[in-house]
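Dear colleague,

Please find the structure below, handed over for your records.

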Amino acid sequence: PVISWRNLTAWRARKSHSLEPAAAPNDKSSAGIASLRFRLLLTVTIFLIPIALVSMLQGIARMRSEIAHAHEHLLQSAQMAASNEGNVLAASRQILQTLSNLDDVRNVTPQCDRTLSDVLIGVHFLANLSRIDRNGIIVCSAISRAKGIDTSGIAPYPVARRTMAFGASGQIISTVLHQPVIAAMLPLRDSAGQFGGMVAAV
């Protein structure tokens with residue numbers, strides 16, 4: 001039979017209309033899958049949020065604990081350092097008091113350097129011992145290169161001379177050792193009761 005162009009066009013139109021409803025289930029199925037995925041993702045997210053919050057809070061608590069521990073450790077170290085420094089100054093004062101009673105040191109005999117060197121050998125927390133005259137000049141020392149240095153303007157010499165009492169400086173840079181030190185000085189009196197110089201330790 002002969003199919004006219006009009007009949008062929010009508011047949012294709014009917015066929016096209018008959019196929020359109022079949023696409024609808026696919027769209028609904030895709031939408032359903034997308035909805036299911038969204039609900040699943042939402043459920044997982046809601047489930048994970050409390051866990052994430054707990055982990056974050058635990059991390060913050062741990063960090064605060066570590067900071068507090070570090071602060072406590074630093075405080076203990078500072079207190080220990082202060083205690084050690086106090087002990088060193090007390091020991092230095094005792095050593096200087098002993099040196100002030102030694103004839104070789106008080107009267108600056110030829111054995112003065114040797115005496116100071118011998119004493120320094122057994123004292124691990126001191127770097128040098130010296131005898132200073134009434135003008136502030138180091139006249140004998142356990143470290144020979146320190147001799148001749150003018151200490152009259154170096155702490156604690158001015159205050160110690162004025163008060164005639166044991167004194168200690170803050171941290172200063174030693175011109176002999178080229179490193180930070182704390183200087184301690186004990187004034188001496190001569191036979192007339194006048195200022196006769198000092199014994200010093202760094």
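A pocket here is an open set of points on a 1 Å grid over the protein atoms alone, where a 1.4 Å probe fits and protein lies on both sides within 12 Å along at least five of seven lines; lining residues have an atom within 4 Å of a point. Grid points are joined across faces, edges and corners, and a volume is the space filled by probe spheres set on the points. The model is predicted, with local features needing pLDDT of at least 70 and side-chain atom pairs counting only at pLDDT 80 or more, while totals for chains, interfaces and linings use all residues. Residues are numbered from 1 along each chain as its sequence is written, and side-chain values use heavy atoms, with hydrogens and water left out.

The largest pocket

This pocket has a volume of about 300 Å³. Its lining consists of 22 residues, and those nearest the centre are Ile138, Thr151, Ile154, Ser174 and Val202. Two or more lining residues come from each of β1 (129-132), β3 (167-173), β4 (180-189) and β5 (195-201); strands are DSSP runs of E with at least two residues, helices are runs of H or I with at least four, and both are numbered from the N terminus. The lining holds 17 nonpolar, five polar and no charged residues. In this scheme Ala, Val, Leu, Ile, Met, Phe, Trp, Tyr, Cys and Pro are nonpolar, Asp, Glu, Lys and Arg are charged, and the others, Gly among them, are polar.

The second largest pocket

Here the volume is about 170 Å³. Of its 13 lining residues, Val88, Phe125, Leu126, Ile182 and Val202 are the closest to the centre. Helix α1 (5-100) and strand β4 each give at least two residues to this lining, and the largest share, four residues, is from α1. By class there are ten nonpolar residues, two polar and one charged.

Ser92 also belongs to helix α1. Leaving aside residues up to four places away in sequence, Ser92 touches Phe125 and Leu126, where contact means heavy atoms within 4.5 Å. Ser92 is buried, at a relative accessible area of 3% (buried is under 20%, exposed over 50%, partly exposed in between, with a 1.4 Å probe and protein chains only).

The disulfide

One disulfide is counted, taking a pair of cysteine sulfur atoms within 2.5 Å as the rule. Cys112 is joined to Cys140, with an S to S distance of 1.8 Å. Cys112 lies in helix α3 (residues 112-121) and Cys140 in strand β2 (residues 138-141), so the pair, 28 residues apart, links distant parts of the chain. Cys112 is buried, with a relative accessible area of 1%, and Cys140 is buried at 1%.

With kind regards
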